[in-house]
Amino acid sequence: MSSYIRRTPTCLTIGAGLLVAGYQYWVGPLSLSAQLFFCIGLLAFVGIPHGALDHLVEQEHSLRQAQRFSLTRFIIKYLFMIGAYGLGWMVFPVLSFILFLLISAWHFGETDLEHAPETGYWSLTRLLAGGFVLAFILVNHADEVTPVIARIVKNDVFTMQVWNGAISQRGPLLRGWATLLGVLAMLAFGHQPIPVNGWRLGRLGVVILLTYTLPLLPAFMLYFGGWHSLSSFGTILSYLQRSANPVQSIWKLWYQSVPLTLLAFGFLFACSSIWNRYLPLGDPLPYLFILLSTITLPHIQVMHKLDRRYK
Ligand SMILES: CC1=C(/C=C/C(C)=C/C=C/C(C)=C/C=O)C(C)(C)CCC1
């Protein structure tokens with residue numbers, strides 16, 4: 001049993017999701033503090049750590065190419081992307097928001113349909129697959145998401161109209177999306193078949209269905225922490241295990257993510273202290289969102305390169 005969980009940790013995610021869904025059904029709604037506990041736990045133990053391994057992935061890549069890895073150069077490139085995207089947010093907030101949703105959809109699709117070939121059909125299928133999960137979570141939590149989006153885009157009329165249109169037609173939207181995804185997946189498969197792990201897809205389906213029963217934040221974290229980040233850990237582990245100096249276990253890998261995870265939390269803590277000190281009456285949410293999206297951009301690029309190297 002324990003070795004099975006070690007090989008398939010997403011079973012724990014399903015267990016946790018069922019537990020929370022059951023609690024809500026039989027006992028009552030989750031309190032805000034329980035929601036925060038659930039989310040911060042997943043974020044601290046898997047969500048942030050899965051992105052705090054990017055330097056190891058890049059280092060391994062350099063090693064395989066027989067190139068020298070410079071951590072300083074890596075950090076400068078990382079910070080440059082964060083800065084450029086942050087600037088983009090200041091000048092084109094709506095475009096940057098749309099871009100973030102698109103690259104997030106791509107990134108989620110890349111993990112969910114792992115090792116798909118780089119054909120046009122498969123790439124579109126991945127984008128639509130990741131977009132479907134994101135759309136499913138967002139439109140099914142419209143009451144909670146609407147004020148958040150309004151705050152992020154500062155009530156931009158165009159964005160709010162598109163969003164309100166999407167949620168007023170959420171049934172046909174999701175059904176149409178799923179149908180298109182199914183057709184595209186079949187076309188992609190017909191064009192270039194890949195091995196399909198039905199058990200894994202089934203688990204993903206259960207995680208997505210469970211998000212429907214939970215409030216927004218636990219729902220998003222169940223997918224993001226409990227599925228996406230755990231799957232990425234598995235991908236990174238198998239990449240680093242094929243190295244000249246292999247990482248022995250998932251725990252040793254997790255352990256290596258601790259320094260940058262602590263740094264990320266420290267940075268977040270410092271930013272919130274500065275905010276509270278100088279702008280106690282301002283709305284921090286858009287800036288928090290921008291910060292998270294800018295940090296995500298270089299991570300998505302590293303993981304995209306890793307995905308391409310698997311082919
Ligand atoms: C728009 C929106 C959200 C979207 C978050 C996204 C799109 C996160 C993507 C994260 C990625 C790609 C991480 C990679 O490691 C939230 C927070 C659910 C809250 C409601 C509004």
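**Briefing: an all-helix chain with a ligand**

Helix 7 passes helix 10 in a left-handed crossing, a term used when the near helix is turned anticlockwise from the far one by less than a right angle (clockwise would be right-handed). The structure is a predicted model, in which local features need pLDDT of at least 70 and side-chain atom pairs count only at pLDDT 80 or more, while totals for chains, interfaces and linings use all residues. Residues are numbered from 1 along each chain as its sequence is written.

**The chain as a whole**
- The protein chain has 14 helices and zero strands, where helices (H or I, at least four residues) and strands (E, at least two) are DSSP runs numbered from the N terminus.
- With a radius of gyration of 20 Å, close to the 19 Å that the globule rule gives for 311 residues, the protein chain is as compact as a globular protein of that length; the radius is taken over C-alpha atoms, and the rule is 2.2 Å times the number of residues to the power 0.38.
- The C-alpha trace of the protein chain spans about 50 × 50 × 40 Å along its principal axes.

**Helix 7 and helix 10**
- The axes of helix 7 (residues 120–139) and helix 10 (residues 170–191) come within 9 Å and cross at roughly 155°, with axes being lines fitted to C-alpha atoms, for helices over the stretch in contact, and angles running from 0 to 180 degrees between N-to-C directions.
- That angle makes helix 7 roughly antiparallel to helix 10, since angles over 145 degrees count as roughly antiparallel, under 35 as roughly parallel, 65 to 115 as roughly perpendicular and the rest as oblique.
- By class, the contact of helix 7 with helix 10 has 19 nonpolar, two polar and one charged residues; Ala, Val, Leu, Ile, Met, Phe, Trp, Tyr, Cys and Pro count as nonpolar, Asp, Glu, Lys and Arg as charged, and the others, Gly among them, as polar.

**Helix 4 and helix 14**
- Helix 4 (residues 54–64) and helix 14 pack at an angle of about 40°, with their axes 10 Å apart, which makes helix 4 oblique to helix 14.
- The crossing of helix 4 and helix 14 is left-handed.

**Around the ligand**
- Residues around the ligand include Gly 51, Ser 104, His 107, Phe 220 and His 299, where a residue is near a molecule if its C-beta atom, placed from the backbone, lies within 6 Å of it.
- Helix 6 (93–112), helix 8 (142–152) and helix 14 (285–309) each supply at least two residues of this shell, which by class has six nonpolar, five polar and no charged residues.
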